[in-house]
Amino acid sequence: MYVLGIETSCDETSIALLFFREDTYQRSFYAKINSAKLIVNIVSSQVNIHKEYGGVIPELGAREHAKNIFFVFNQVLQKAENILKQDRSKILKNITNIYVTTKPGLASSLRVGREFAKSLKFFISNELKAKTLNVFSVNHLSGHLASSFYDYSNNFYKINKKNQNFIDEYIFPHLHLLVSGGHTQLIYYKNPKSIKIIGETLDDAAGECFDKIGRMLGLGYPGGVLISKIANKKIDNTLDLPVGLKSNQSYNFSYSGLKTAARYLVQKQSFKNWNFEESLDIEDINQLIKQDEKDLQKDYLKFIKKACISAQSVIVKQLINKSNKAIADFQPKSIGLSGGVSANPLLRQELKKNFDGLVFFPDKNLTGDNGVMIALAGVMNIPE
Ligand code: KG4
Ligand code: ZN
């Protein structure tokens with residue numbers, strides 16, 4: 001069965017085409033998700049457009065999705081024609097299911113994906129006289145979760161590598177940390193059909209906090225990516241930033257205290273050549289990435305380097321504190337990580353440090369928003 005995954009919830013327009021073996025219903029969760037062969041995944045990012053404004057502007061985003069989605073789909077079909085050696089009408093007729101993100105996200109952006117999916121259904125069913133195809137709604141967060149179990153590099157259409165077959169008893173119960181720009185959740189995934197959110201952020205998401213601190217430091221949008229490059233995997237809280245909900249016994253998270261502390265600290269600095277939120281030029285950013293603090297010459301760069309390391313250290317610390325507590329209390333067989341912030345090398349390193357069982361991280365190509373994860377979550381019917 002050929003399936004499409006469509007994602008337009010935030011600032012990426014993405015469509016993926018996958019081939020999914022239908023004889024897998026009796027197989028384990030892992031074998032089933034990995035029987036999905038990836039034919040093509042196109043992601044068109046709006047980051048450069050929103051960068052100018054320091055964050056996502058919803059109406060602008062929706063307009064960009066509406067403009068890009070046709071190009072993205074055309075590229076999907078072009079690539080699929082080459083890979084499958086079939087013309088596009090045959091490919092379209094073979095699509096059985098369309099999975100589209102319908103929540104959570106920016107309403108006007110989500111609508112673009114949903115309307116596109118419905119129009120496609122109409123066109124394929126009526127105009128191409130193919131059998132009726134179905135459109136299914138998928139939760140974006142279920143998509144992120146699914147992405148961590150997918151062995152991306154071994155699942156391209158032509159590769160026929162046998163997947164390691166982790167039976168369900170090796171994976172479940174699974175404890176999952178989902179960290180994106182909009183969400184921070186600890187999820188207890190008891191079995192493939194039962195999911196419970198055991199903790200979530202009370203205010204900002206971890207990615208949002210990275211981005212806001214990045215903005216204060218003049219790093220542009222999305223700040224998380226640059227903070228992670230600048231701080232590397234160094235753990236050091238020299239600026240003494242607070243770790244949220246440290247002694248709170250819940251599995252919840254909070255980043256507003258850190259954000260406020262960082263704001264006061266950055267605002268009170270007085271440098272001759274740099275002020276709060278002033279954009280750094282590319283030369284400064286390159287130095288920050290390449291050089292250690294001791295080798296940086298400019299005083300404000302020394303400070304920004306320290307701030308990136310301190311901020312990342314405490315953001316990750318809180319995520320790890322809560323995850324470790326949940327691991328100790330729930331004794332999962334496996335753990336996993338997903339969402340945009342799961343690209344963070346320090347977070348990956350620290351999360352796997354204290355856990356002996358299986359650890360699932362999404363491939364680097366699947367940490368950001370993409371159509372593959374939406375198709376996977378849809379096919380697997382991951383509960384919300
Ligand atoms: O999942 P995602 O692509 O979009 C949402 O669903 O929100 O996550 C985007 C977030 C942004 O906040 C971005 O700064 C963050 O992921 N991010 C990172 C890294 N790469 C992306 N944060 C920290 N370290 C990274 N390496
Ligand atoms: Zn996302």
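How far does a polar side-chain atom of Asp211 lie from an oxygen atom of ligand 1? The distance is 2.6 Å, a polar contact (a pair of N or O atoms within 3.5 Å; within protein, one must be able to donate a hydrogen and the other to accept it, and residues adjacent in sequence count only if both atoms are side-chain atoms).

1. Basis of the note. This is a predicted model, in which local features need pLDDT of at least 70 and side-chain atom pairs count only at pLDDT 80 or more, while totals for chains, interfaces and linings use all residues. Residues are numbered from 1 along each chain as its sequence is written, chains are lettered from A and ligands numbered from 1 in the order in which they are written, and side-chain values use heavy atoms, leaving out hydrogens and water.

2. Surroundings of ligand 1. There are 19 residues around ligand 1, and His144, Gly181, Asp211, Gly340 and Asn344 come nearest; a residue is counted as near if one of its heavy atoms lies within 4 Å. A polar side-chain atom of His144 lies 3.0 Å from an oxygen atom of the ligand, and a backbone N or O atom of Gly224 lies 3.4 Å from one. Taken alone, ligand 1 exposes 560 Å², of which the protein buries 87% (Shrake-Rupley method, 1.4 Å probe).

3. Salt bridges. Side chains of opposite charge can pair when their charged atoms come close. The whole structure holds 13 salt bridges (a side-chain nitrogen of Lys or Arg within 4 Å of a carboxyl oxygen of Asp or Glu).

4. Pairs within one helix. Lys118 and Glu115 form a salt bridge at 3.6 Å, N to O. Both residues belong to helix α5 (residues 107-127), and because they are three residues apart, about one helical turn separates them. Helices are DSSP runs (H or I, at least four residues), numbered from the N terminus. In helix α12, Lys325 and Asp329 are four residues apart, about one turn, and their salt bridge spans 3.1 Å, N to O. Lys325 has 22% relative accessibility and so counts as partly exposed (buried means under 20% relative accessible area, exposed over 50%, partly exposed in between; 1.4 Å probe, protein chains only).

5. Lys306 and Glu293 meet in a salt bridge at 4.0 Å, N to O. Lys306 lies in helix α12 (residues 299-330) and Glu293 in the loop between α11 (282-290) and α12, 13 residues apart. Lys306, at 27% relative accessible area, is partly exposed, and Glu293, at 26%, is partly exposed.

Technical notes:
Helix = DSSP H or I, 4+ residues; strand = E, 2+ residues; numbered from the N terminus.
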